[in-house]
Amino acid sequence: MSAGLDGVRSRAHSLKTMCNSAAHNSRPGRESVSKRIGVRAVRAIAARDGGACIYCGATAETSGAHLHLDHLTPRSAGGADDARNLVTACRRCNSARRDMTLAQWSAYAATKLGLKIDPRAVRAHARRVRIAA
């Protein structure tokens, strides 16, 4: 066996052990937002947002967009896992926004994606969530 092939096999083995998603996801704080806030809250947010991306309007039915929960105030900036701080966003918008504030995201989305986003309107919309008991 050649030395080069041993290196490839050892890297493949280390990648296998590093990428064990069960171990990765079992770390504290790594569970999904949906699991942290509960099914009722997720359904209430989806109903409030009409099953569409709050930023661009994409839906699973019309565009095949997979919708995510997006923090209005990013967790990295102290944002909570609270229904009033979460909106539905398509993968494109959620990934592009990263950890920007709503004001930064509004400016970025206007120049790069051609979207017109009113941060105050988005926040006001997010406050309208009703979670059934």
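## Around D82

At 27% relative accessibility, D82 counts as partly exposed, a label for anything between buried (under 20% relative accessible area) and exposed (over 50%), using a 1.4 Å probe and protein chains only. D82 pairs with R84 in a salt bridge, with N and O 3.3 Å apart. To count as a salt bridge here, a side-chain nitrogen of Lys or Arg has to sit within 4 Å of a carboxyl oxygen of Asp or Glu.

A word on the ground rules: this is a predicted model, where local features need pLDDT of at least 70, side-chain atom pairs count only at pLDDT 80 or more, and totals for chains, interfaces and linings use all residues. Residues are numbered from 1 along each chain as its sequence is written, and side-chain values use heavy atoms, leaving out hydrogens and water.

## The charged network

Side chains of opposite charge can pair when their charged atoms come close. The salt-bridge count comes to five. R36, R75 and D81 are tied into a network of these bridges. R36 meets D81 at 2.5 Å, N to O. That pair links distant parts of the chain, 45 residues apart: R36 is in helix α3 (residues 33-37), while D81 lies in the loop between β1 (67-71) and β2 (86-90). Helices (H or I, at least four residues) and strands (E, at least two) are DSSP runs, numbered from the N terminus.

D81 also bridges to R75, and there the closest N and O atoms are 3.9 Å apart. As for accessibility, R36 is partly exposed at 26%, D81 is partly exposed at 27%, and R75 is partly exposed at 44%.

## The nonpolar cores

In soluble globular proteins, nonpolar side chains tend to be buried together. The largest nonpolar core here has 18 residues, and C53, Y55, L72, C93, W105 and I117 have the most contacts inside it. Such a core is a set of buried Ala, Val, Leu, Ile, Met, Phe, Trp, Tyr and Cys residues joined through side-chain atoms within 4.5 Å. At least two of its residues come from each of β2, α6 (91-97), α7 (102-113) and α8 (119-126). There's also a second, separate core of nine residues, with V33, I37, A44 and V129 among them.

C53 sits in the loop between α4 (39-48) and α5 (60-63), and is buried at 4% relative accessible area. Not counting residues up to four places away in sequence, C53 touches A58, L67, T88, A89, C90 and C93. The C-alpha atoms of C53 and L69, 16 residues apart along the chain, are separated by 9.4 Å.

C90 counts as buried, at 4% relative accessibility.

Notes. Contact = heavy atoms within 4.5 Å.
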